[in-house]
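Have the coordinates open as you read.

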Amino acid sequence: MRLLKVATCNLNQWAMDFDCNLKHIKESITRAKEAGAVIRLGPELEITGYGCEDHFLELDTVNHAWECLKEILLCDLTDNILCSIGMPIIKGSERYNCQVFCFNRKIIMVRPKMWLENDGNYRELRWFTTWKQKDQLVEFQLPLEISQALSQTSVPFGYGYIQFLDTAVAAEICEELFVPNPPHSELALNGVEVFLNASGSHHQLRKLDLRLRAFIGATHTRGGVYMYSNHQGCDGSRLYYDGCSCVVVNGEVVAQGSQFSLKDVEVVVAQVDLDAVASLRGSISSFQEQASCKTKVSSVAVPYNICQPFNLKMLLSSPQKIMYHSPEEEIAFGPGCWLWDYLRRSGASGFLLPLSGGADSSSVAAIVGCMCQLVVKEIAKGDEQVKADAIRIGNYTDGKFPIDSKEFAQRVFYTVYMGSENSSEATKMRAKVLADEIGSWHLDTLTGKRPRYKVDGGSNVENLGLQNIQARIRMVLAFMLASLLPWVHNKKGFYLVLGSSNVDEALRGYLTKYDCSAADINPIGSISKQDLRTFLRWAANHLGYSSLAEIEAAPPTAELEPIRSNYSQLDEVDMGMTYEELSVYGRLRKIFRCGPVSMFKNLCYKWGATLTPSEVADKVKHFFKYYSINRHKMTVLTPSYHAESYSPEDNRFDLRQFLYNARWPYQFRKVDELVQELNGDKVALVESGNHEKLGATAGVGGVGVVAAAAGDPKAGF
C-alpha cells in the first residue's frame with residue numbers, strides 16, 4: 001500500500017484584502033499539517049481573492065501577491081508539505097492565472113491556467129492570457145526580491161506535473177475540468193495519480209450535482225485521486241462562492257466540505273491508498289493500450305517520498321453519501337451566508353427592510369432570520385470569529401454575546417410596515433406577526449423623534465439623513481412629473497428623466513444613492529467637473545447663454561443643508577478634496593492602473609514640490625477610503641454617454657468589486673513604510689548638506705509612468 005493523507009479547503013477570501021487572505025491561507029496550511037497531510041490545496045487566486053476584476057490589471061496587485069507568497073515561504077509552513085497556492089503572475093508581457101507549487105520553502109513549479117472561464121459571470125480573458133505552450137516547461141525568472149529571499153533564481157513554468165519518488169501530482173485549474181478534452185485525461189496516461197483542482201466557483205441553484213459528477217467522471221474510468229478546493233463566501237461582489245471542497249477516489253467521494261458556512265477556514269482531510277488507483281488502471285485494458293502510446297507531458301522531478309507504507313495508524317477514508325441541499329435550503333442558506341459576509345465586512349450595524357406582509361418582502365425577512373439562526377449556531381459551536389463579528393455588529397457589552405437568534409435579530413434587523421390608505425389590516429397584521437417570529441425590531445408608526453441639521457445642533461447622522469431624504473424626494477418627484485406632465489399638457493407618451501451627476505462625483509461617491517442622479521439617461525455622467533466648467537464658459541460665449549458665466553463662477557454646492565450667515569455648504573469642503581485632485585486620482589486609478597502604493601509613488605513626483613510624502617500619503621488614503629466606501633453606488637449609476645477614460649461606470653467599463661475593506665490595511669501599511677523610508681532619506685541628505693537631491697528623493701521607487709511626469713508636471717495627468 002501507498003498511503004497518502006491530503007487536505008483541501010474552503011476559504012472565505014476577500015478581494016484585495018491581502019492581510020485577511022494571507023491569514024486564512026496560513027491557517028489552512030497549519031491545520032493541514034496538524035492533521036498529518038502532505039498535500040494542501042487552496043482555491044484559485046486565493047492570495048488576491050478571485051473577484052479582483054480590473055484590479056488584476058494593476059501591477060500592485062501582482063506585486064502584493066508575490067510579497068505574501070514570500071512571507072509563506074520564508075517560514076516553516078511549507079516544510080514537508082506540498083502546497084498549491086493560487087495567484088496572478090506576469091511572465092514577460094503576459095499575465096497568467098497560476099497555481100504555484102511550493103515545497104520545503106522553495107517554489108517547485110508554476111502552472112498557468114490553459115483554458116480560461118469567459119462566459120456568464122466570468123471575464124477571465126479581460127485580465128489573463130491562456131498558456132498555449134503545452135509541449136514543454138520553460139524557465140521563469142523569479143522577481144528579484146523573491147529570488148534573493150529564497151536563494152532561487154528560476155523555476156519551471158508551464159503545463160506539466162510533479163514527479164515524486166512514489167507518485168505523481170498535477171494541477172487542473174477550475175474550467176479546465178469542463179473543456180471537451182480536459183488535461184486530466186492526458187495526465188492520467190502519463191502516470192499522474194493525484195489531481196489538484198483549484199477553483200473559484202459560485203453558487204447557483206441545483207448546480208452542485210453537475211460539479212460533483214464532473215469530479216466523479218474524471219476518476220471513475222481513469223482512476224485517480226481528485227482534490228477540489230473552492231472559495232466560500234462573498235468576496236466583494238454579487239457572487240456567493242459555495243465551497244464544497246472534496247476528495248474523490250476512483251469515482252467515489254471520500255471527503256466533502258460544507259456548501260454553505262460562516263466559517264472563514266474549513267479544511268477537509270482524506271486518507272487514501274494510491275495502490276487502489278494503480279490497481280484500477282491496471283484492470284482496464286483500453287487504459288493500458290492508450291498509456292502505451294501516450295503523448296509525453298513534461299515533468300519536474302522531486303526526489304522525495306510523500307507516501308507511507310501500510311500501517312494501522314492511518315485509517316483509509318471510506319466512500320460516503322454525497323450531501324446535497326434541497327433548493328429551498330439553498331435559497332435560505334446561500335443568500336443568508338452572503339448577507340452575513342456583506343454585513344460584517346461593510347461596517348454596517350444591521351439591515352432595514354420595508355416589510356409589506358407580501359410574499360417577496362417576507363421571503364427576504366425569512367432569509368435574514370435564517371442568517372441570525374446560522375450566526376447563533378456557529379457561535380454555539382465555538383467559532384470565535386463569528387462571535388467577535390456578532391458582538392461588534394450587535395453592540396454587545398460586558399462579555400455578552402448572541403445565544404438566541406430572535407434576540408440577535410432585534411439588534412441587527414429592522415422591519416418597517418409602510419402602509420398607505422390602500423393597505424389592508426390583513427397585510428399589516430401579517431407583517432407584524434412575521435416580525436415577531438423572526439425577532440426583528442418592527443415599526444408601523446413613526447418614532448416620534450425629529451432629526452435636526454448639524455448647523456441647528458443635530459448629529460452627523462441626523463444631518464446626513466435629512467440631506468439624503470431631500471435628494472431622494474427630488475428623484476421621486478422627477479419621475480412622477482415625467483409621467484404626469486404629458487397628461488397635464490394633453491400629450492401622448494412620456495418624458496425621459498435626465499440625470500446630471502458628473503464623473504468625478506461618481507468616482508468619489510459624492511452623490512446620494514437613488515437621488516436626482518438616478519434617471520433614465522445622463523449626458524454628462526462620464527465628463528469631469530473641470531471639463532464641464534470649461535464647457536460652461538464656452539457655451540456662455542458661443543451658444544448665447546450668457547447666464548452660464550455666472551453659474552460657472554459660483555462655487556459648487558449641493559445645497560442640502562440650511563444656509564446660515566456663518567455657514568454655506570460647499571462640495572469640495574464636504575469631499576475633503578478638490579475636483580482637480582479627483583481628476584488626477586481618477587486617471588491614475590483607471591488609465592495608469594494604480595493601486596494605493598503606485599498612486600502614492602506617482603503623486604510624490606507630481607506633488608513633491610509642494611507636499612511632503614506624509615501629506616501625499618494622507619491624500620491617497622483619503623481618496624481610496626471614500627472611493628471604496630462608495631463603490632456600491634456605481635452598480636446603480638444611470639446609463640451615461642461615455643466620454644471619459646477614467647469613468648468608474650460598473651456596467652461594462654470599470655469592472656470591480658463593490659464591497660471593499662475600506663481600511664486597505666495591507667496597502668496603506670506599505671504606503672506608511674515608504675513614507676518612513678523617504679523621510680529617513682531626507683534627514684540623511686539634510687545632515688550631509690546635499691540639498692540638491694532633496695527634490696528627487698520624493699520619487700524614489702516610482703514606476704515607469706512617472707518618468708514622463710517628472711519632466712512635465714502635466715504629462716499623463
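## What counts as a salt bridge

A salt bridge here is a side-chain nitrogen of Lys or Arg within 4 Å of a carboxyl oxygen of Asp or Glu. The idea behind it is simple: side chains of opposite charge can pair when their charged atoms come close. Bear in mind that we're looking at a predicted model. Searching the whole structure turns up 37 salt bridges.

## Two pairs within helices

Start with Asp 209 and Arg 213, whose side chains form a salt bridge at 2.9 Å, N to O. Both residues sit in helix α6, 4 residues apart, or about one turn of the helix. Asp 209 has a relative accessibility of 28%, so it counts as partly exposed.

Now hop over to helix α9, residues 327-346, where Asp 341 and Arg 344 are 3 residues apart, again about one turn of the helix. Their side chains meet in a salt bridge too, at 2.9 Å from N to O. Buried or exposed, what is Asp 341? Buried means under 20% relative accessible area, and Asp 341 counts as buried because its relative accessibility is 2%. Arg 344 is buried as well, with a relative accessible area of 10%.

## A network of charges

Some salt bridges share partners, and these join Asp 54, Glu 58, Arg 126, Arg 238, Arg 589, Lys 590, Arg 631, Asp 650, Asp 654 and Arg 656 into one network.

Take Glu 58 and Arg 656 from that list: they form a salt bridge whose closest N and O atoms are 2.9 Å apart.

Where does His 203 sit? Look in the loop between β10 (194-198) and α6 (208-220). With a relative accessible area of 17%, His 203 is buried.

What does the side chain of His 203 make a polar contact with? The partner is the side chain of Glu 330, at 2.7 Å. Setting aside neighbours within four places in sequence, His 203 is in contact with Tyr 240, Tyr 241, Asp 242, Gln 259, Phe 260 and Glu 330.

Definitions and conventions:
Residues are numbered from 1 along each chain as its sequence is written. This is a predicted model: local features need pLDDT of at least 70, side-chain atom pairs count only at pLDDT 80 or more; totals for chains, interfaces and linings use all residues. Side-chain values use heavy atoms; hydrogens and water are left out. Buried means under 20% relative accessible area, exposed over 50%, partly exposed in between (1.4 Å probe, protein chains only). A polar contact is a pair of N or O atoms within 3.5 Å; within protein, one must be able to donate a hydrogen and the other to accept it, and residues adjacent in sequence count only if both atoms are side-chain atoms. Contact means heavy atoms within 4.5 Å.
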